[in-house]
Amino acid sequence: MDIDPVSVSRLQFAFTVSFHIIFPAFTIGLAAWLATLEGLSLFTGRAVYRRLFDFWLKIFAVAFGLGVVSGLVMAFQFGTNWSELATRAGPIQGPLLAYESFTAFLLEATFFGVLLFGREKLPRWAYFLSALMVALGTTFSAFWIMANNSWMQVPVGYELVDGIFTPRDWGEILFDPVLWVRFPHMLLGAYLTTAFCVAATGAWYLLRGRLLNEARVMLTMGLGIAALLIPAQILFGHLNGEYTAEHQPSKFTIIEGRWQTEQPARLILFAWPDVAAERNHFEIALPYLGSFVDQGNFTAEEPGIVTVPVEDRPPFLIPFFAFRIMVGLGLVMLALSWGGLWLMARARPRDPNQLPRWFLWATFLAWPSGFIAVITGWLTAEVGRQPWAIFGAMRTAEAVTPSLSSSVALISLVSYVIVYTLIFSAGTLYLYRLLREGPSDPAGSGPADGPAGGAIGIAQAAAGLNPGRPLAVGGPHPTATTASAPAERTPGMAGGPA
Amino acid sequence: MIEQLPFSLPVFWAGVLAFSILVYVLLDGFDLGVGVLFALNRNEAHRQQMMGSIAPVWDGNETWLVIIGTVLFGAFPVVYAIFLSAFYLPVALLLVALILRGVAFEFRYKEERHRWLWDLGFIVGSIIAAFVQGAAIGAMVAGIAVEDGRFVGGPFDWLTPFAVLCGLGLVVGYALLGAGWLVLKTTGELRDWAYAWLPRLLKGVIAVVALALITTLIGNYEVVLRWLAQPWLILFPLLAGAAVWGLLRGVQARRDWQPWLMASALFIAAFAMLAGSFWPWILPYHLSIEQAAAPLSSLSFMFYGIGLVVLPVILAYTIGVYWIFRGKVSPTASYH
């Protein structure tokens with residue numbers, strides 16, 4: 001077998017983490033979005049916020065569940081596949097991940113249960129507080145993960161004692177400027193992902209001419225939040241580039257697509273890299289701007305990847321293209337959010353419903369932009385870090401579990417692929433159905449989507465605990481007696497305001 | 001401040017680890033157990049009640065497994081590395097099992113047509129997860145091949161008859177906890193059903209434990225020497241005996257809180273017995289707590305934040321949330 005356990009383990013890590021990151025990228029933003037909605041609902045008393053909250057909570061429940069179960073795998077993979085890394089870097093990475101599980105996982109998991117089942121058991125302020133706790137938990141989680149990963153990108157604050165990475169100064173690790181540009185970058189990425197999902201859902205309903213009130217709120221809030229955040233995200237993206245240029249020339253030169261050292265350096269927008277010949281074909285480049293982006297002047301010398309020894313170079317193509325996809329999507333998000341707000345400001349009357357259909361279509365189709373940007377961003381960062389597990393200090397090939405054979409690693413990889421494919425297909429389908437169906441309609445015929453096998457008693461009990469139902473509506477819908485229909489077929493929807 | 005503590009930091013973190021394992025076993029134990037019992041009850045109304053009784057808390061319960069993993073990683077990285085390399089396949093199996101059962105909580109309510117699939121995942125996932133955890137404990141007792149701080153055995157070393165026995169034991173044991181939980185949280189037919197299963201499951205547990213004990217004595221595992229050297233350990237089997245009696249009394253008298261409490265006490269006794277047999281080893285019988293501990297700078301960093309601040313906060317809100325969801329579950333409680 002010509003595959004080695006290192007490659008299989010890398011493939012497995014890449015697969016499981018790429019799959020996993022989709023859900024946190026969504027739920028970090030969703031948790032903040034839910035807390036915002038519940039806050040608005042609490043302080044304005046407008047029913048639309050409550051309906052939106054109940055609707056997005058169902059989406060959150062599915063996405064969060066998938067995030068939790070796929071995250072479990074991540075917590076153990078450092079030991080199963082990368083035991084040398086765990087042994088040698090455990091004294092630094094372990095405490096960071098321990099902080100994550102103690103400050104974040106328990107907080108979000110516990111209060112997530114309260115959000116789903118505690119609505120009727122708690123005063124409103126306590127319920128709102130629970131929503132805040134979930135949002136806080138997801139934020140903590142992002143922080144510690146970024147602390148861990150940033151340390152692997154740019155290891156600081158340690159000394160090697162008998163080959164063990166021993167923490168010397170935790171302050172240096174936790175207040176590393178690299179962490180503090182990467183953490184906001186991730187957080188903003190997650191918020192933008194959710195903002196575009198929310199806006200796209202609004203646009204979708206407007207295109208279908210239904211749930212107009214909810215759609216308006218979602219489209220305006222989604223685009224508004226995105227418009228506010230995207231400039232900050234571009235700034236932090238730039239700062240990420242600066243740390244990369246300073247600490248990781250091997251990654252930076254690939255991102256820039258520069259093989260040879262240039263002075264002044266061009267900014268290569270697009271090219272078709274030829275790895276064998278160590279040059280680019282079909283380059284589209286702007287003169288001088290490469291120097292300007294990195295150094296702020298038009299004359300600076302910028303190194304090419306030839307300055308990095310061959311054995312220290314990452315694979316070229318993935319970071320090169322992934323970076324361009326991420327930046328391109330960032331520009332798409334900028335154009336859509338600002339363009340959308342401009343179109344809305346011009347519309348008479350000021351109403352998202354007056355927006356041109358092409359724009360609604362564009363916003364709708366942009367729903368995955370955040371997800372793709374987050375994944376390609378991670379690919380850039382992680383593949384660009386290779387061949388190092390800990391940049392400049394420990395190679396990926398040294399990190400793998402010594403007792404692991406390729407065949408055993410393949411067994412686990414194949415199992416994960418099968419199971420993830422199953423749950424991902426089902427999860428996506430269920431999310432799609434929930435989104436298509438939309439919030440319960442304001443007329444009061446809330447969905448009787450309780451568990452099947454229904455009777456009036458079930459519907460009444462479900463009404464008490466069902467956040468899919470507006471607060472103002474107490475009793476069950478008459479059609480609830482026929483609630484033996486599958487959950488997603490909600491009688492209430494048919495009579496929506498469409 | 002650390003110098004004035006009555007215990008060393010490695011011992012403190014070993015204590016947190018032991019505590020986390022116990023909390024995990026007690027909490028995820030009952031919800032995995034409900035998953036095992038799912039196989040024995042085909043009544044859809046009952047199944048919804050079973051699911052509803054654990055739905056608000058299973059996620060938090062399972063998180064204690066991640067807590068265990070990261071405490072090991074942070075405080076005893078060598079053990080984390082050895083343990084997870086040694087149990088590579090069972091851990092992968094455990095994770096796949098937990099994934100399948102975890103998604104069932106949402107997915108089974110999304111459509112009726114494929115409900116059987118998610119129910120199957122829930123049942124099989126729960127059984128496998130319980131089995132693997134028990135088997136891992138068995139394999140630990142039997143010993144892991146370690147040289148020079150690294151696992152040197154093969155991928156199937158763990159799969160011994162003794163480990164299989166321990167795995168089966170935990171499946172039945174978790175089912176016992178689950179039945180106790182159902183008695184505590186439900187009413188009507190389902191509660192009667194759970195009451196009926198309690199004595200049978202208890203018999204199963206006793207049978208497996210007796211068999212495991214005989215195997216241990218015949219197998220001449222090192223753990224026996226430790227029992228002989230520390231006769232006070234007999235206290236725990238006595239405690240377990242009292243718990244068994246209390247459980248049966250609870251079933252007879254139909255006191256809903258008693259079976260679950262006594263089943264938990266049984267687990268606490270078994271756990272204390274195990275911990276007492278291993279002490280002061282963390283990886284029997286290769287590494288002691290002190291030998292395996294991360295550098296002091298790692299342990300104290302965790303001590304000041306997690307140990308002094310976060311852990312008490314966690315205990316407070318965990319108890320708070322269980323308090324919010326106290327009492328019987330409405331037969332139809334669901335947010336779906």
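A crossing of two helices is left-handed if the near helix is turned anticlockwise from the far one by less than a right angle. In this predicted model, that is how H6(A) passes H11(A).

Helix H6 of chain A covers residues 177–207 and helix H11 of chain A covers residues 357–365; their axes come within 8 Å and cross at roughly 140°. H6(A) therefore counts as oblique to H11(A), since the label roughly antiparallel is kept for angles over 145 degrees. On the H6(A) side, the residues that meet H11(A) are A:Ala199, A:Ala200, A:Ala203, A:Trp204, A:Leu206 and A:Leu207. Facing them from H11(A) are A:Arg357, A:Leu360, A:Trp361, A:Thr363 and A:Phe364. Sorted by class, this contact has nine nonpolar residues, plus one polar and one charged.

Then there is the contact between the chains. Here 70 residues of chain A are in contact with 68 residues of chain B. On the chain A side, the elements giving two or more residues are helices H2 (47–80), H3 (83–117), H14 (406–437) and H15 (456–465), along with strand S2 (164–167). H3(A) supplies the largest share of that side, with 23 residues. The chain A residues touching chain B split into 44 nonpolar, 21 polar and five charged.

As for confidence, the model scores ipTM 0.90 and pTM 0.87. Chain B has an average pLDDT of 89, and 97% of its residues score at least 70. Where pLDDT is low, the predicted coordinates should not be read in detail.

Conventions. Residues numbered from 1 in each chain as written. Chains lettered and ligands numbered in written order. Predicted model: local features only at pLDDT ≥ 70, side-chain atom pairs only at ≥ 80, totals over all residues. Axes fitted to C-alpha atoms, helices over the stretch in contact; angles between N-to-C directions. Helix = DSSP H or I, 4+ residues; strand = E, 2+ residues; numbered from the N terminus. Parallel < 35°, antiparallel > 145°, perpendicular 65-115°, else oblique. Contact = placed C-beta atoms within 7 Å. Nonpolar A, V, L, I, M, F, W, Y, C, P; charged D, E, K, R; others polar. pLDDT = per-residue confidence, 0-100.
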